[in-house]
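Student: I have the model open and want to go through some of the packing. Can we take it piece by piece?

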Amino acid sequence: MSLSEIATNDMHGENSPYFDGWKAYDENPFHPTKNPNGVIQMGLAENQLSFNLMEEWILKNPKASICTPEGISQFKDVAIFQDYHGLTQFRNAVAKFMGKARGGRVKFDPDRIVMSGGATGANEMIMFCLADPGEAFLVPSPYYPAFDRDLRWRTRVKIHPVECTSTNNFQITREALEAAYQKAQEENIKVKGLIITNPSNPLGTTLSRETLTSLVSFINEKNIHLVADEIYAATVFSSPRFVSVSEIMDEVECNPNLIHIVYSLSKDLGLPGFRVGIVYSYNDDVVSCGRKMSSFGLVSSQTQHLLASMLSDDEFVDNFLMESSRRLAKRHKTFTEGLVNVNINCLKSNAGLFVWMDLRHLLKEPTLEGEIALWRVIIKDVKLNVSPGSSFQCSEPGWFRVCFANMDEDTVEVALKRIRTFVGKGQEEAEAPTKAKRWKNSTLRLSFSSRICDEAVMTPLMMSPHSPMPHSPLVRART
Amino acid sequence: MNHSRSRRNPTREPDFPTAKPPSPGGSSGGGAGAAMRLIVPLQGVVQGRGGLILGSVIPGALYYFFQLYLKRCRSAKPNSNPPSPSSPSAQLADLSRSSSRSNLSSRGSVGPVRVSARANSIAKPNASPYYIGLERASEDPYDRFDNPDGIMQLGLSENRLSLDLIETWILENLERSMIGGADGNLNISGIATYQPFDGMMEMKIAVAGFMSQVMGTTVSFDPSRLVLTSGATPAIETLCFCLADQGNAFLVPTPYYPGFDRDMKWRTGVELIPVHCRSSDNFALSVTALDQAFNQARKRGQRVRGILISNPSNPIGNMLNKETLYSLLDFAREKNIHIISDEIFAGSTYGSEEFVSMAEILESEDFDKDRVHIIYGLSKDLSLPGFRVGVIYSFNTSVLAAAKKLARFSSVSAPTQRILISMLSDTRFIQRYIETTRERIQKMYVAFAAGLKQLGIECTKSSAGLYCWADMSGLIRPYNEKGELELWDKLLKIGKINVTPGSACHCIEPGWFRCCFTMLAEEDIPVVIKRIQRVVET
């Protein structure tokens, strides 16, 4: 029985090394007591540092949940509500939260907020609205690997990378943009827009005001769209402060119909399971079209209701944003200092849930093969799942993205210890080069299935409806 | 206690253009009327009626000018304005562009900002009475006490009869259901963190169990064959993306759910070929008609990938019997195509007939399971459309593998899964709920159909669904689509009730209307009947 081209091509991207490490993790997940020698998950950009703040709020505010005596009166209205405009209170609350995450410097209009199935759905949806099959979007590299799938798979839109290098700390230059744009023109490909991630994944840096201004004038000049994926906006933990594209719009001459923001609560609030994606557009047609498309990924009304309450609580939000930043800063400091102690540097970053680690000096050869070889060692011997720069389309080998916000402090210590041991060993083995060749024949395969993109089904025996969730839900597979 | 009322924003009117679209001829009754005059002959073409010349020239001209417009757009410099068309029939091409342009003209932009063709195609207002009626009714919703002159919503097939049962269950089972535990043992990481995009395993087990219960426990569903999505809408779109390429087609018996036109065609580029069913054989599906449609498609060079059936049927409310399901399977096997069976109303049955799922048929067949896929959801049978839970159930492992990966774009919210896992696992409650709902639907159906009968309006004999399929052909003048839409319009404006006209469902016979009665209370039925009477007598 034949299926469609979309169902049978490999645009889902699961053959990329970004996902390969998951297999090693899935087969041998770390647990502090039950499996202390397992693989530590450092490839998942999840923010688990501030769960307790939310737990406390939910316990103190039973009215927010429609499943409590205080909240049950809302149940009927919420259960039947499937209007693609979304609950008004929800949109108001999200608009307010987005404003707060930008230090109150911008005001967002609730009527421009369109829901979608997580940031994943939001990115795909904005592509559907802005570009037709065969048209292209420019994306500065290194970029989030799943863009290759989310932006292209069903939309059939192309991606053209704009190369950024370490020579200027991976900043986006006007020259690089023009070069990429030219190249596309020469290949007869129509460029419809530019998509940036600010704060950047995987770099963890925020765009400077100058860069952002330059980007906005670039797209304005070429009359192409600018999609700013700002899902890490509230993970900024040190200066420089975050500058959103919405702030720049007032200062620079630009056509607002070209500006669109993708947002989500998955990173800033640490609620990826809630599947809240937002498209905010200054273009009325895009809002109107997006609204109708949101039928394919509406946020559960129960979730909308809960979040409407939570995000309207000014005191809670202000405190949360401050505390979350503080905790991220602390964790970032602990981790980077631990790395510096073994001569490993990271790109100086002020945001995000990860660091962009420089391991170029540990490569046997400064090539892609060298990077993959080192990465295999890190997975297999050091037992850390980190993400190699090549999976982010980074043009320089030797960079790795390492996530630090999805674990507790003890696990961070374990990870640092393993790195220390590895680097110490590495100095010994630099004197025994023959051993390196063995790693190239490693049995670690490149095809795989991750817990997230998993095709294998966990047997019902392991799943009881009342199983208590252990510390990290990812460990569920083993317990 | 609040009366249940839809929370749609009453002041919103997002989709109507500021400028009236030009009408091809004759006096127009307003924007909607003009749109009708465009749509009706086009529908006439689709349904094989209407002037042949009119029906060929208008779409041909539209297509030609739209291609011309696209071509010029691609080669024009960003600053140039698109050329204004010079011939009269090109005015119709303007229809697809005017509303998007009118919003931009006030901005003083450098040049026209181009969004995608997909966005442009939806920028014009919803011309279908299905959507127009839903909008109007939500702007002025009827409430027995607060707004007795408002529009009564009979165009949305939602079941509000049994929400009280669910409410009670929640109140009685709080520790199991809520995400803020009274005992203080909340662990938010269980719902906040990333979960499998196609649904948690516990949720799949619970939903599989529910599907089995709702369909009469004659068939069991395997949890590993489920992919969960945020509603049946993305479920069916995802399935289309898996089974068909752009330009391929599905055969769909008419009349069918108006939402399919958008859900299945819009982003996928897939076509729907209507296969007409008639009242003379109770709108039963005939394999001969399917065969004819298949062959015609082949002659046109169009590749048919599958058949889409809704069973129980929307908007008719009848169910397919075993023989029909077997012959459908035979047909699909012969042509080597898929079958999508949308069984979302499986639990909303009220007659003496038993529902037979495709899954039940396949249990007795050892082969050919690979071509059958079932769509389900909790919006109708469990009255929870807001929670967004849809199901793709397939026997085809490749389809499941692809759908699982695609589910990342439309996953079910984790806290919602948690609540539903608890609720659906309480099988005794679910059994009671299913039985009570059935009784209540039947009661409403009987009362409603009787009320219509008093006015001389007969409904097809149906045994499922949340609506009845009413024959008002005796009340329309002339006996064609125009007459039907005029009656629909009168019912909406004068009678202040929103029903769905058969033409929106691609019904080939004019005068049929779908009337959903499960959003009403029993006391509302006489009000509805009186209002219809008012319109009928003018």
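Student: Which residues of helix 17 of chain B meet helix 19 of chain B?
Tutor: In this predicted model, B:M444, B:A447, B:F448, B:G451 and B:L452 of helix 17 of chain B touch B:I525, B:V528, B:I529 and B:I532 of helix 19 of chain B. Contact means heavy atoms within 4.5 Å. Helices (H or I, at least four residues) and strands (E, at least two) are DSSP runs, numbered from the N terminus.

Student: How does that contact divide into nonpolar, polar and charged residues?
Tutor: Eight are nonpolar, one is polar and none is charged. Ala, Val, Leu, Ile, Met, Phe, Trp, Tyr, Cys and Pro count as nonpolar, Asp, Glu, Lys and Arg as charged, and the others, Gly among them, as polar.

Student: At what angle do helix 17 and helix 19 of chain B pack?
Tutor: About 25°, with the axes 10 Å apart. Axes are lines fitted to C-alpha atoms, for helices over the stretch in contact, and angles run from 0 to 180 degrees between N-to-C directions. Helix 17 and helix 19 of chain B are therefore roughly parallel; angles under 35 degrees count as roughly parallel, over 145 as roughly antiparallel, 65 to 115 as roughly perpendicular and the rest as oblique.

Student: Left-handed or right-handed crossing?
Tutor: The crossing of helix 17 and helix 19 of chain B is right-handed. A crossing is right-handed if the near helix is turned clockwise from the far one by less than a right angle, left-handed if anticlockwise.

Student: Next, the sheet. What is the strand order in the open sheet of chain B?
Tutor: The order is 9-10-13-12, four strands with antiparallel pairing. Two strands pair if DSSP finds at least two bridges between them. Strand 9 (458-459) and strand 12 (500-501) of chain B are the edge strands, each pairing on one side only. Helix 17 (residues 427-454) of chain B packs on this sheet and touches strand 9, strand 10 (467-471) and strand 13 of chain B. The direction of helix 17 makes about 15° with that of strand 10 of chain B.

Student: How many bridges are there between strand 10 and strand 13 of chain B?
Tutor: Five, in the antiparallel sense. Strand 12 and strand 13 (residues 512-516) of chain B are joined by two bridges and also run antiparallel.

Student: What are the bridge partners of B:W469 and B:P501?
Tutor: B:W469 has B:R514 as its bridge partner, and B:P501 has B:F513. B:R514 is also the bridge partner of B:T500.

Student: Why is strand 13 of chain B described as largely enclosed?
Tutor: Five of its five residues are buried, so strand 13 of chain B is largely enclosed by the rest of the structure. Buried means under 20% relative accessible area, exposed over 50%, partly exposed in between (1.4 Å probe, protein chains only). B:W512, B:R514 and B:C516 lie on one side, B:F513 and B:C515 on the other, and both faces are covered.

Student: Over to chain A. How do helix 3 and helix 13 of chain A pack?
Tutor: Helix 3 (residues 51-60) and helix 13 (residues 314-340) of chain A pack at about 160°, with their axes 10 Å apart. That makes helix 3 roughly antiparallel to helix 13 of chain A.

Student: And which residues make the contact?
Tutor: A:N52, A:L53, A:M54 and A:W57 come from helix 3 of chain A, and A:F316, A:F320, A:E323 and A:R327 from helix 13 of chain A. By class, that contact has five nonpolar, one polar and two charged residues.

Student: Where is A:L194, and is it buried or exposed?
Tutor: A:L194 sits in strand 5 (residues 191-197) of chain A. Its relative accessible area is 0%, so A:L194 is buried. Leaving aside neighbours within four places in sequence, the contacts of A:L194 include A:F137, A:L177, A:I219 and A:V227.

Student: What about phi of A:F170?
Tutor: Phi of A:F170 is near 60°, positive in a residue other than glycine. A:F170 counts as buried at 3% relative accessibility.

Student: What should I know about numbering and cut-offs?
Tutor: Residues are numbered from 1 along each chain as its sequence is written, and chains are lettered from A and ligands numbered from 1 in the order in which they are written. Local features need pLDDT of at least 70, side-chain atom pairs count only at pLDDT 80 or more, and totals for chains, interfaces and linings use all residues, while side-chain values use heavy atoms, with hydrogens and water left out.
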